[in-house]
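Please work through the exercises below with the sequence and the model at hand. Each task is followed by a worked solution.

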Amino acid sequence: MASPMLAQAQPAAPAARVPGIDAADRVFITNEDSNTIAVIDPATNTVARTINLTSFDEDPRPPFRYVTGGVAPTHAAMIHKPLYHGCIDAHGAVPSPDGRLIATSGRGSSNIYLTDTAQLRVIGNTPNPAAGSSTNAERITTGLLVGREPHEPTFSRNGKELWVTIRGEDRIAVIDVEAAIRHLRGDASAQTIRMYVGTLPGPAQVWFNRENTIAFVASQKVSKVDVFELRMDAGGFTFPQRRTTLDIAEQDKPGFTPFLKTTPDGNEVWFSHKLADAVSCRSTRPEFGLLDLVPLGANARPNHVEFVENPRGKVTYASLARVDDNGPGGVASSRIAIIDRAAAPGARKVVGTFFTHGRESHGLWTNPENTLLYVAHEQDELPGTPNAGQTVCSAFDVRDPLRPAFIAQIPLGSLALPSGELRNKKSINLVYVRVGARGQTG
């Protein structure tokens, strides 16, 4: 891997002074161990709300509580408490094309939750019949049951469908979004799942081309990518048919590609090959030829990719799970790899890295103006550091994409339940949303 360009990047101006923050902007982060969604206001870089996906404290009796007898359970004990019916392993997250919905997968609970981003409320929650001074006012919905081990949800470009890769069943659930909302709001007759699409083993994520005529499916079990051709009816619903299966063994010999994403111009699709320590890029046009294979260095362990393109540069960022001990101020930190996408296809490579100011970087997303970047982290900060014991999110000024400037490390804090504090822990996916505006999935 190239030497780090910005290992000791200096703080930029406060986030509010960076162009590209709207009053409707929010950053949503799924926290897998706490089964919560942290919501950050980018104008202040503070947690504005924590959305509760658990069922704790819906009843005053001990089997329903989070903290019982003054003891907070471990993560494993939390989700196995008697009568717990909330989310287990909140993981994937994606915004609808208009930014009004967030779809979140519960890997362990085999379901999908839809959140209204304007109201910051889970759709389908109901008034709690046991509500009182020591209980929550709402009862969590069961969400949409889709199958064993749903990994990542992705909205179709027109927002009509939600495609959920069911990693444990080698298929994709295609959900009618409007019917799902009606179902969650009490319409038992609404048919939520339009169909299941069989696909390659261990499907990890789907992403669509800009025209919504092609769907790419990556796998975490085999060195292949499924490509589906989509016919669309008058109502905007698709009828998928497998067009081809790409052999990517030369790029991903271990067969573990958890994430993919198309570029803003729609011409390329980038893949993260986590165990191969590389990312690759292919054309979104038939025959979907390989354009680049970019090695990231031993044990880099890439997670997500994100694209920033503005007047000062055109890059692909890849979040690296590896944690380096020699971060800023001697504090352990992961890095982001910077790939110069302005170079010609076939010649693109890592031109630098920068520290994330957090441990085991995972989700990352930019604002619509491509001036800000937010990064989520799986591991807590170490003792003796400013936010010791906290899971953190980091913000960067990327007005110069080749030289990002660190803005803030944001501790995610906790959810205040009636029986005690549930700390937001182990962040996975992160999305930047402008409510009501066309976003990256549109």
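Predicted model: local features only at pLDDT ≥ 70, side-chain atom pairs only at ≥ 80, totals over all residues.

Residues are numbered from 1 along each chain as its sequence is written, and side-chain values use heavy atoms, with hydrogens and water left out.

**Exercise 1. Describe the overall form of the chain.**

Step 1. The secondary structure consists of two helices and 33 strands; helices (H or I, at least four residues) and strands (E, at least two) are DSSP runs, numbered from the N terminus.

Step 2. For 442 residues, a compact globule would have a radius of gyration near 22 Å, and the chain agrees with this because its value is 21 Å. The radius is taken over C-alpha atoms, and the globule rule is 2.2 Å times the number of residues to the power 0.38.

Step 3. Along the principal axes, the C-alpha atoms fill a box of roughly 60 × 55 × 40 Å.

Step 4. Of the 442 residues, 60% are buried, where buried means under 20% relative accessible area, exposed over 50%, and partly exposed in between (1.4 Å probe, protein chains only).

**Exercise 2. Determine how strand β13 is paired and whether β13 is enclosed or open.**

Step 1. Strand β12 (residues 161-166) pairs with β13 in the antiparallel sense over six bridges; two strands pair if DSSP finds at least two bridges between them. In this pairing, T165 stands opposite I172 of β13.

Step 2. β12 and β13 form a hairpin with four residues between them, and D170 in the turn has a positive phi of about 60 degrees.

Step 3. β13 also pairs with strand β14 (residues 193-198), in the antiparallel sense over five bridges. The bridge partner of I172 in β14 is V197.

Step 4. Five of the six residues of β13 (residues 171-176) are buried, so this strand is largely enclosed by the rest of the structure.

**Exercise 3. Characterise the surroundings of C281.**

Step 1. C281 lies in strand β21, which spans residues 278-283.

Step 2. C281 counts as buried because its relative accessibility is 0%.

Step 3. Leaving aside neighbours within four places in sequence, C281 is in contact with E268, V269, W270, G289, L290, L291, D292 and R348; contact means heavy atoms within 4.5 Å.

Step 4. G186 is 95 residues from C281 along the chain, and the C-alpha atoms of these two residues are separated by 43 Å.
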